[in-house]
Amino acid sequence: MRNALLLARDCEANDSLAASVLETIHRNIDLACSRTRPICQDTGSVLFYVTAPSSFDRTAFKKLAGRCVTAATAKGWLRPNSVDPITGRNDGTNVGPGTPTFYFEDGPDPAITIKLMLKGGGCENVGAQYSLPDARLGADRNLDGCRKAVLDAVFQAQGKGCAPGVLGICIGGDRATGYEHSKIQFLRRLDDTKPDPTLRAFEEDILRSANALGIGPMGFGGKTTLLAAKACTLNRLPASYFVTVSYMCWAFRRQGVVLDQSGHITQWLYS
Amino acid sequence: MRTKPLQTPLSEERVRELRVGDRVVITGVVFTARDTVHKYLAAGGDLPGGVDLRGGVIYHCGPVAVRGNDGRWQIVAAGPTTSYREEPYQAEIIRKFGLRAVIGKGGMGGKTLEALKQHGCVYLHAVGGAAQVLAECVTAVQDVWFLDEFGAPEAMWKLAVADFPAVVTMDATGNSLHELVRASSQTELARALSGSP
Ligand code: SF4
């Protein structure tokens, strides 16, 4: 992510607002790293993705992860972000109904993979789901219709998701799985490419076309609106055709570990 | 491009000469206010005793603050939050309290733009997410209100700042960089959608 941001800075015109935004972002990441502080004050939704054998004690993991989240909040690494929607109460622990969020999947081997993603509220708000056909966009139930929907989402977002960002796209599925899997795309490495040539071409086209819109960092105008676009497909119902777009801001925070049976870290993902 | 220094409290004259695209650095005092404070003030709530926002600056920000053993607050992250959520309230608050600048991110809508023009105020865009660079510019926490009622991010923090960087994206002449970029990207979008991939 950092390299992508640096490359982007070099592409923008000297002394442009776009270049100065990217320079500030770059300085910001350096500062955050050297002080072990949040790169953005919105530490977002806390999402855990766990792949583990079926014997893995999910309840115990949830409890433990909740305690860790509360401890990290007390240290100022996470902002108290868990708010009761009716009363507006925020008890400061970051633990409550639905927070943090857990996704579990059964894995075949004894290894346990735990991935953590922090997703900011600003970029979450510009996510969008389209039900095709969409008359306003002239978007039919085909890949070209998907393209129209996705580019519309980028246009509607302007700089509000803290561009430059990364898109996660899910074609198909239902309303719930669409968002779930569009977010799962953020677990892919920035440089990975889809083996399927159609999807790969789709991702490349979205990236190129979105950047041609000229929205730029923070929406100040410029060449860098997106750093990557990642897409997947899920089978759909005959009656539905959803295209779901999740937006991840430049403050793209994720980490993952692989644990052996005794709980030792054998690998860091995304370093 | 030259950066223009702004010292709070701001005069109407100073604010009216600013133009979209100007880079500024702010020194003085800013007050944070997010959704809850905006809603509260727009609904007729009183400012905390002793707070005067005339010539003042409101910052759309929910900082991460930690309290040291000596009881003093320290801001560890302080980037802007999305301003658009305050669109229903902002114009009224600018009018009622005499604000001269609003700092946030993402820009605001027509109602606010009109209020900027009418009352002599500007919208300043800070780099979204640049919480550390911006926290560095906070030199002291001078006070905090509504902490228990609204929670830390939603509370009203009075922050002393030095050389806080931002860009004028909506000025008091009725121009908005957000509208300009939106319009040009709309043209590009139409082109992208009509052409085959
Ligand atoms: S969208 Fe991302 S970078 Fe922007 S304020 Fe939210 S978390 Fe921070």
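Trainee: Which residue forms a salt bridge with D15(A)?

Mentor: This is a predicted model, in which local features need pLDDT of at least 70, side-chain atom pairs count only at pLDDT 80 or more, and totals for chains, interfaces and linings use all residues; side-chain values use heavy atoms, with hydrogens and water left out. Residues are numbered from 1 along each chain as its sequence is written, while chains are lettered from A and ligands numbered from 1 in the order in which they are written. A salt bridge is a side-chain nitrogen of Lys or Arg within 4 Å of a carboxyl oxygen of Asp or Glu. The closest N and O atoms are 3.9 Å apart, and the partner of D15(A) is R23(B).

Trainee: What does the pair of D15(A) and R23(B) join?

Mentor: Helices (H or I, at least four residues) and strands (E, at least two) are DSSP runs, numbered from the N terminus. D15(A) lies in the loop between α1 (2-11) and α2 (17-35) of chain A, and R23(B) in strand β2 (residues 23-32) of chain B, so the pair joins two chains.

Trainee: Which is R23(B), buried or exposed?

Mentor: Buried means under 20% relative accessible area, exposed over 50%, and partly exposed in between (1.4 Å probe, protein chains only). D15(A), at 47%, counts as partly exposed. R23(B) has 12% relative accessibility, so R23(B) counts as buried.

Trainee: How many residues does chain B give to the contact with chain A?

Mentor: Contact means heavy atoms within 4.5 Å. Chain A gives 45 residues, and the number from chain B is 45.

Trainee: How many salt bridges cross the interface of chain B and chain A?

Mentor: One pairs the side chains of E136(B) and R35(A), at 2.5 Å from N to O. D15(A) and R23(B) also form a salt bridge. Across the interface the rule finds two.

Trainee: Which element gives the largest share of the side of chain B that touches chain A?

Mentor: The elements that give two or more residues to that side are β4 (64-67), β5 (73-77), α5 (131-136), β9 (156-170) and α7 (177-194) of chain B. The largest share is ten residues, and its source is α7(B).

Trainee: Within what arc do the buried residues of α2(B) fall?

Mentor: In helix α2 (residues 35-42) of chain B, V37(B), H38(B) and L41(B) are buried. They line one face of the helix, because, with the arc taken from the directions from the helix axis to the C-beta atoms, the buried residues of α2(B) fall within 100°.
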